[in-house]
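Hi,

Here is the structure I promised to pass on.

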Amino acid sequence: MPKTIIVGATSGIGCELARQLAQAGWTLGLTGRRLERLEALKTELPGSVFIQAMDVSQTSRAISALQQLIQTMGGMDLLIISAGISHRNASWEQANEIIKINVQGFAAIAHVGFSFFSEQGFGHLVGLSSISAIRGRGENIAYSASKAFVSNYLQGLRQKTARANKKIIITDILAGWINTPLIRRGGSKRFWVAPVDVAARQIITAIQKKKSRAYVTRRWKLIAWFLLLIPDWWHKRL
Ligand SMILES: NC(=O)c1ccc[n+]([C@@H]2O[C@H](COP(=O)([O-])OP(=O)(O)OC[C@H]3O[C@@H](n4cnc5c(N)ncnc54)[C@H](OP(=O)(O)O)[C@@H]3O)[C@@H](O)[C@H]2O)c1
């Protein structure tokens with residue numbers, strides 16, 4: 001059975017991906033900070049489920065924990081990095097937390113995953129970015145900048161793997177609003193909010209199709225296109 005590790009599987013998108021991939025017969029390695037949620041998932045989900053508590057902002061420990069998990073599972077075919085946080089109108093402390101988790105934490109995990117796949121000669125790395133990566137957002141500056149980092153990092157990995165002629169697939173998920181605790185905590189008015197099961201299904205389809213980039217849900221491609229095309233004077237007024 002193929003093996004996937006989901007970093008940030010205790011809630012929201014990562015948790016729903018774990019449910020759907022478990023149903024499809026994947027062997028799962030699930031991580032997050034909340035051990036009790038990981039233990040509950042291990043009990044609830046069918047098939048082989050390995051768990052590992054990990055805080056990606058503690059990069060050295062997270063790197064060792066991920067390497068240990070890969071070893072315990074006897075390898076990894078797919079790595080999904082879903083861990084991430086958001087704070088609207090963030091204080092410096094909150095912005096710093098976003099940077100530690102969404103930027104440093106993401107880069108540490110992606111580095112370990114990519115190194116493992118490079119040695120193995122194949123693999124699939126998926127990062128959860130956002131439509132916010134496309135243009136800076138005044139109400140969520142650190143978050144949108146962190147997601148621009150994620151998308152740019154994944155693009156770099158894609159170029160690196162192509163140049164080295166390796167069979168490593170890199171998928172950037174540019175997500176619009178998805179109904180998870182992350183946006184429910186945010187509290188502002190949203191549009192086109194997708195149910196998490198629909199979003200997870202579309203992410204799995206993008207993985208199966210080995211896409212470089214996928215907009216989730218698909219209609220968010222229109223917003224991405226709009227954001228890319230509008231001039232700065234218009235963007236400033238949005
Ligand atoms: N929901 C949306 O509308 C939306 C839109 C665009 C992009 N995204 C992105 O999608 C990803 C998943 O978001 P979600 O909506 O599913 O949010 P969520 O329900 O809040 O889940 C976030 C996950 O990240 C984990 N996490 C947070 N900080 C962590 C840390 N320091 N170390 C390890 N794990 C950590 C959480 O686990 P623990 O708390 O147990 O550590 C949890 O499993 C995020 O990267 C987010 O930016 C979401």
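Which residues of β4 are buried on one side, and which on the other? Leu78 and Ile80 are buried on one side and Leu79 and Ile81 on the other, so both faces of the strand are covered. (Buried means 20 or more other C-beta atoms within 10 Å of a residue's own, exposed means 12 or fewer, and partly exposed is in between, with C-beta atoms placed from the backbone.) In a regular strand, side chains alternate between the two faces of the sheet.

Before I go on, two housekeeping points. This is a predicted model, so local features need pLDDT of at least 70 and side-chain atom pairs count only at pLDDT 80 or more, while totals for chains, interfaces and linings use all residues. Residues are numbered from 1 along each chain as its sequence is written.

Back to β4 (78–81). Helices (H or I, at least four residues) and strands (E, at least two) are DSSP runs, numbered from the N terminus. Strand β1 (residues 3–7) pairs with β4 in the parallel sense over four bridges, and Val7 has Ile81 as its bridge partner there. β5 also runs parallel to β4, again joined by four bridges, with His124 of β5 partnering Leu78. (Pairing takes at least two DSSP bridges between the strands.)

Next, helix α7 (residues 196–208). Its 13 residues reach 18 Å from first C-alpha to last, close to the 18 Å expected at 1.5 Å a residue (that is, 1.5 Å times one less than the number of residues). Val196, Ala199, Ala200, Ile203, Ala206 and Ile207 are the buried ones. Seen down the helix axis, they fall within an arc of 115°, so they line one face of α7 (the arc is that of the directions from the axis to the C-beta atoms). Their cover includes α1, β4, β5, β6 (167–175) and β7 (213–216). Lys210, which follows α7, has a positive phi, near 55°.

Tyr215 sits in β7 and counts as buried, with 21 C-beta neighbours inside 10 Å. Leaving aside neighbours within four places in sequence, Tyr215 is in contact with Leu174, Trp220, Lys221 and Ala224 (contact means C-beta atoms, placed from the backbone, within 7 Å).

Finally, the ligand. Of the 31 residues around it, Gly8, Gly12, Gly32, Arg33 and Gly84 come nearest (a residue counts as near if its C-beta atom, placed from the backbone, lies within 6 Å). Elements giving two or more residues to that shell are α1 (12–23), α4 (92–120), β5 (122–130) and α6 (181–186).

Cheers

Conventions
Two residues are in contact if their C-beta atoms, placed from the backbone, lie within 7 Å.
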